[in-house]
Amino acid sequence: MVLEEYFGEVQSSDIHAYGYGEVRDFLEGPYATSSVDWVITNPPFRLGEAFIQKSLKVARRGVAMLTRTVFIESVGRYERIFTKHPPTKFAQFTERVPMVKGRLDKKASTATGYCWLVWEKDARTSPQLVWVPPCRKTLERETDYQMPTREAPRQRVVRPMKQQPTSKPVRGKRHPQSIPTPDLFS
């Protein structure tokens, strides 16, 4: 799992058995307040608000939601979420991110734009727009398209990483030395 390359321990779950992690409903599951460092997920569009509200309670350090770009356009969401809890970063993908329900498809395409909405709980800044540069060809691996041998995660619950130096290459880059958790969207 890719997040394990950046975090010390990763728990994953999904409401469907796609082949990664535990089958579990994040919205129904009992997660204690401030019980994990980060919640990183791609929620169903229609449940995005509920996922954000619950994740902001569960996470100590931050929340990262992969959503359709149009998610930020709603007056209702603006009033219910963004005025009270604006994200610290809005990271817009410059290239399209194809997603196919229940499977991976190397040849898939899409007309839908996606972004990461990130809430860093300790940050005291105004929301910042950043762009995710073209990276699909650089970051994709052939193994990304192999069917998993275990159950599927979409909801990722991340626990703190033990501090230990590393110089293990990750997709052509090196981890920073001795950091407890990465700055995913700097």
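**R77 and its ring**

I started with R77, which lies over the face of F71 at 4.3 Å from the ring centre. This is a predicted model, so I kept an eye on confidence throughout. I also looked for another charge over a ring and found R68, whose charged end sits over F45, 4.1 Å from the ring centre.

**F71 and F82**

Next I asked how many aromatic pairs the structure holds. I got four. The one I opened up was F71 with F82: the ring centres are 6.3 Å apart and the planes stand at 85 degrees, so I logged the pair as edge-to-face. F71 sits in the loop between β4 (59-68) and α2, while F82 belongs to helix α2, so the pair ties together parts 11 residues apart in sequence.

I then checked for ring clusters. Ring pairs link F26, Y31 and F51 into one.

**Helix α2**

An α-helix has 3.6 residues a turn, so residues three or four places apart point the same way.

**Helix α1**

Eight of its 11 residues are buried, so α1 is largely enclosed by the rest of the structure. My list of the buried ones reads G48, E49, F51, I52, K54, S55, L56 and V58. F51 is on that list, and F51 also belongs to the ring cluster with F26 and Y31.

**K89**

I wanted to see where K89 lies, and found it in strand β5, residues 89-93. K89 counts as buried: its relative accessible area is 10%, and the cut-off is under 20%. So who does its side chain meet? The side chains of K89 and E120 are joined by a polar contact of 3.0 Å.

**The whole chain**

I zoomed out and counted three helices and 10 strands in the protein chain. From the N terminus on, I read the elements as β-β-β-α-β-α-β-β-β-α-β-β-β. Of the 186 residues in the chain, 39% are buried. For contacts with a separation of 6 or more, I get 73% from residues 24 or more positions apart.

**Confidence**

Last, I went through the pLDDT. The protein chain averages 77, and 73% of the residues score at least 70. Over residues 151-156 the value is below 50, and beyond near neighbours in sequence I count 43 contacts for this stretch in the model. Which other residues stay under 50? I noted 158-184, for which the model has 47 contacts beyond four places in sequence.

Terms used. Residues are numbered from 1 along each chain as its sequence is written. This is a predicted model: local features need pLDDT of at least 70, side-chain atom pairs count only at pLDDT 80 or more; totals for chains, interfaces and linings use all residues. Side-chain values use heavy atoms; hydrogens and water are left out. Rings of Phe, Tyr and Trp (its six-membered ring) pair if their centres lie within 6.5 Å; planes under 30 degrees apart count as stacked, over 60 as edge-to-face and the rest as tilted. Helices (H or I, at least four residues) and strands (E, at least two) are DSSP runs, numbered from the N terminus. A charge sits over a ring if NZ of Lys or CZ of Arg is within 6 Å of the ring centre and within 35 degrees of the ring normal. pLDDT is the predictor's confidence in each residue, from 0 to 100. Contact means heavy atoms within 4.5 Å. Buried means under 20% relative accessible area, exposed over 50%, partly exposed in between (1.4 Å probe, protein chains only). A polar contact is a pair of N or O atoms within 3.5 Å; within protein, one must be able to donate a hydrogen and the other to accept it, and residues adjacent in sequence count only if both atoms are side-chain atoms.
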